[in-house]
Amino acid sequence: MTEAPNATLKHLRIWQQNLNCSGIAQHSLLHGPHSANWDIFALQEPHVRPNGNTISSPKFYTVYPSTHLSNPNLTPRAALLVSTTLSTNIWHQIPFPSPDVVVIQLTTATGKTTLINVYNDGDSHD
């Protein structure tokens with residue numbers, strides 16, 4: 001059974017934060033009292049475990065850079081956490097050839113929205 005797109009979604013609530021690879025900061029963000037107030041967390045420098053994956057929660061889908069599986073030696077420096085309250089029928093990942101960029105496109109009652117989460121270390125011009 002598939003879900004119909006959430007045509008009643010009128011507001012998209014996004015929280016952006018550089019976590020400086022801190023597991024404590026990431027746990028606080030995901031499990032804090034206000035985590036349910038956000039549809040998407042756009043993270044830069046998320047905490048990454050030795051297995052190459054970041055910390056998440058059952059309340060969120062984790063979206064890594066599209067190069068994550070093809071280049072497992074590169075630590076992801078950007079990630080999106082999409083609330084499970086958003087139907088997977090209204091969003092999809094768009095491939096982008098960088099380990100520092102995550103792109104998704106959402107379709108709602110107001111049209112299509114493309115969300116691009118970029119990590120920029122400030123020293124490079126890439």
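Start by selecting Val118: setting aside neighbours within four places in sequence, Val118 is in contact with Gln44, Asp100 and Val101, where contact means heavy atoms within 4.5 Å. A word on what you are looking at: this is a predicted model, in which local features need pLDDT of at least 70 and side-chain atom pairs count only at pLDDT 80 or more, while totals for chains, interfaces and linings use all residues. Residues are numbered from 1 along each chain as its sequence is written, and side-chain values use heavy atoms, with hydrogens and water left out.

**Stop 1: strand S7**

Val118 sits in strand S7 (residues 111–118). Strands (E, at least two residues) and helices (H or I, at least four) are DSSP runs, numbered from the N terminus. Val118 is partly exposed, with a relative accessible area of 45%. On this scale, buried means under 20% relative accessible area, exposed means over 50%, and partly exposed is in between (1.4 Å probe, protein chains only).

Step back one residue to Asn117, also in strand S7. Is Asn117 buried or exposed? At 2% relative accessibility, Asn117 counts as buried. Show its side chain and look for two partners. One is the side chain of Gln44, with a polar contact at 2.3 Å; the other is the backbone oxygen of Ala79, which the Asn117 side chain reaches at 2.9 Å. A polar contact is a pair of N or O atoms within 3.5 Å; within protein, one must be able to donate a hydrogen and the other to accept it, and residues adjacent in sequence count only if both atoms are side-chain atoms. Leaving out neighbours within four places in sequence, the residues in contact with Asn117 include Ala42, Leu43, Ala78, Leu80 and Val102.

**Stop 2: helix H1**

Next, select residues 23–31, which make up helix H1. Which residues of H1 are buried? They are Gly23, Gln26, Leu29 and Leu30. Look down the axis of H1: its buried residues fall within an arc of 130°, so they line one face of the helix. That arc is taken from the directions that run from the helix axis to the C-beta atoms. On the face turned away from the buried side, you'll find the exposed residues Ile24 and His31.

What covers the buried residues of H1? The cover includes strands S1 (14–18), S2 (40–44), S3 (60–63) and S4 (78–83). At the N-terminal end of H1, click on Ser22, which caps the helix: a side-chain oxygen of Ser22 lies 3.4 Å from the backbone nitrogen of Ile24.

Stay in H1 and pick Gln26. Gln26 is buried, with a relative accessible area of 0%. Its side chain makes a polar contact with the side chain of Thr54 (2.8 Å). Not counting residues up to four places away in sequence, Gln26 also touches Leu19, Leu43, Pro46, His47 and Ile55.

**Stop 3: the aromatic pairs**

The structure holds three aromatic pairs, and two of them are on this tour. For the first stop among them, select Trp15 and Trp38, an edge-to-face pair at 5.1 Å centre to centre with 65° between the planes. Rings of Phe, Tyr and Trp (its six-membered ring) pair if their centres lie within 6.5 Å; planes under 30 degrees apart count as stacked, over 60 as edge-to-face and the rest as tilted. Trp15 lies in strand S1 and Trp38 in the loop between H1 and S2, so the pair ties together parts that are 23 residues apart in sequence. Trp15 is partly exposed at 32% relative accessible area, and Trp38 is partly exposed at 24%.

Then move to Tyr61 and Trp91, a tilted pair: 6.0 Å centre to centre and 50° between the planes. Tyr61 lies in strand S3 and Trp91 in strand S5 (residues 91–93), so this pair ties together parts that are 30 residues apart in sequence. Tyr61 is partly exposed, with a relative accessible area of 34%, whereas Trp91 is buried at 12%.

**Stop 4: zoom out**

Finally, show the whole protein as a cartoon. How many helices and strands are there? The secondary structure comes to one helix and seven strands, and along the sequence the pattern reads β-α-β-β-β-β-β-β. The C-alpha atoms fill a box of roughly 40 × 35 × 30 Å, taken along the principal axes. Of the 126 residues, 39% count as buried. Among contacts between residues at least 6 apart in sequence, 58% join residues at least 24 apart.
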